[in-house]
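Please read the sequence and the model shown here together. The questions that follow ask how particular parts of the fold are placed.

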Amino acid sequence: MNSIFTMIAEGAIIGDYAAKEKGELLELISEVAAQQYGLDPDRIFEGLQEREKLGSTGFGGGSAIPHCKYDDLRQPLGVFVRLAKGLDYKAIDENDVDLVFALISPANDGAAHLRALAEVSRMLRDQASCAQLRGASDAAAIYALLTAIPQ
């Protein structure tokens with residue numbers, strides 16, 4: 001079973017990014033994933049956009065989990081962005097989003113995708129974890145929190 005620790009590289013964490021709209025945020029996520037994991041940013045961006053067309057991945061409490069599937073992956077990979085200011089993400093609770101954990105999963109392993117999605121969702125539904133992530137001083141502190149949160 002994958003844990004957040006094995007899903008995310010330290011360089012795949014962005015703190016206090018000022019996004020003006022969701023598309024800009026998804027582009028950032030795609031570029032970070034390309035740089036950190038050697039993936040095609042256009043494929044990731046298209047996958048994330050296609051998923052958002054099905055319905056917002058903003059699930060409430062200021063958090064979102066944009067996600068897509070990607071061929072040739074062995075395990076789910078993540079990109080975490082803490083926004084400097086809440087973004088209108090069309091979340092189900094209609095609140096702005098400031099914590100975003102993007103998940104890129106193997107196209108041929110639906111079970112791994114669902115396990116990873118459930119793990120990230122549990123973390124982002126925990127108010128104490130979210131408060132710590134919001135209060136972290138920088139990306140290094142966010143990484144330390146993400147990899148220390150009980151799975």
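The questions and answers below concern a predicted model.

Q: Which residues of helix α5 are buried, and on which side of the helix do they lie?
A: Helix α5 spans residues 127–135, and its buried positions are Ser129, Cys130 and Leu133. These residues cover an arc of only 95° around the axis, which puts them on the same side of α5. The face turned away from that buried side carries the exposed residues Gln127 and Gly135. The buried residues, then, are Ser129, Cys130 and Leu133, and they lie on the same side of α5.

Q: What covers the buried residues of α5?
A: The cover includes parts of both kinds of secondary structure, among them the strands β3 (63–64), β5 (77–87) and β6 (97–106). Helices also take part, including α4 (110–125) and α6 (139–148).

Q: Is strand β5 largely enclosed or open, and how many of its residues are buried?
A: Strand β5 is joined to β1 (residues 8–17) by five bridges, with the two strands running parallel, and to β6 by seven bridges, with those two running antiparallel. Because eight of the eleven residues of β5 are buried, the strand is largely enclosed by the rest of the structure. The number of buried residues is eight.

Q: Which residue of β6 is the bridge partner of arginine 82?
A: Arginine 82 belongs to β5, where it stands opposite glycine 15. Arginine 82 also has a bridge partner in β6, a strand that runs antiparallel to β5. That partner in β6 is leucine 99.

Q: What is the geometry of the aromatic pair formed by phenylalanine 80 and phenylalanine 101?
A: The count of aromatic pairs comes to one. The rings of phenylalanine 80 and phenylalanine 101 lie 6.3 Å apart, centre to centre, with 65° between the planes. Since phenylalanine 80 lies in strand β5 and phenylalanine 101 in strand β6, the pair ties together parts that are 21 residues apart in sequence. Both residues are buried, and the geometry of their pair is edge-to-face.

Q: Which residues have the most contacts inside the largest nonpolar core?
A: The largest nonpolar core has 49 residues. Leucine 124 touches, among others, Phe59, Ile65, Leu99 and Phe101, as well as Cys130 and Leu133, when residues up to four places away in sequence are not counted. The residues with the most contacts inside this core are Ile8 and Leu124.

Q: Over which ring does the charged end of lysine 22 sit?
A: Lysine 22 is placed in helix α2 (residues 22–37), and with a relative accessible area of 17% it is buried. Leaving aside neighbours within four places in sequence, lysine 22 is in contact with Glu52, Ser56, Leu87 and Tyr89. Its charged end is 4.3 Å from the centre of the ring over which it sits, and that ring belongs to tyrosine 89.

Q: Is aspartate 72 buried or exposed?
A: Aspartate 72 is found in the loop between β4 (67–70) and β5, and its phi is near 70°, a positive value in a residue other than glycine. Most residues other than glycine have a negative phi. With 76% relative accessibility, aspartate 72 counts as exposed.

Conventions
Residues are numbered from 1 along each chain as its sequence is written. This is a predicted model: local features need pLDDT of at least 70, side-chain atom pairs count only at pLDDT 80 or more; totals for chains, interfaces and linings use all residues. Side-chain values use heavy atoms; hydrogens and water are left out. Buried means under 20% relative accessible area, exposed over 50%, partly exposed in between (1.4 Å probe, protein chains only). Helices (H or I, at least four residues) and strands (E, at least two) are DSSP runs, numbered from the N terminus. The arc is that of the directions from the helix axis to the C-beta atoms. Contact means heavy atoms within 4.5 Å. Rings of Phe, Tyr and Trp (its six-membered ring) pair if their centres lie within 6.5 Å; planes under 30 degrees apart count as stacked, over 60 as edge-to-face and the rest as tilted. A charge sits over a ring if NZ of Lys or CZ of Arg is within 6 Å of the ring centre and within 35 degrees of the ring normal. Two strands pair if DSSP finds at least two bridges between them. A nonpolar core is a set of buried Ala, Val, Leu, Ile, Met, Phe, Trp, Tyr and Cys residues joined through side-chain atoms within 4.5 Å.
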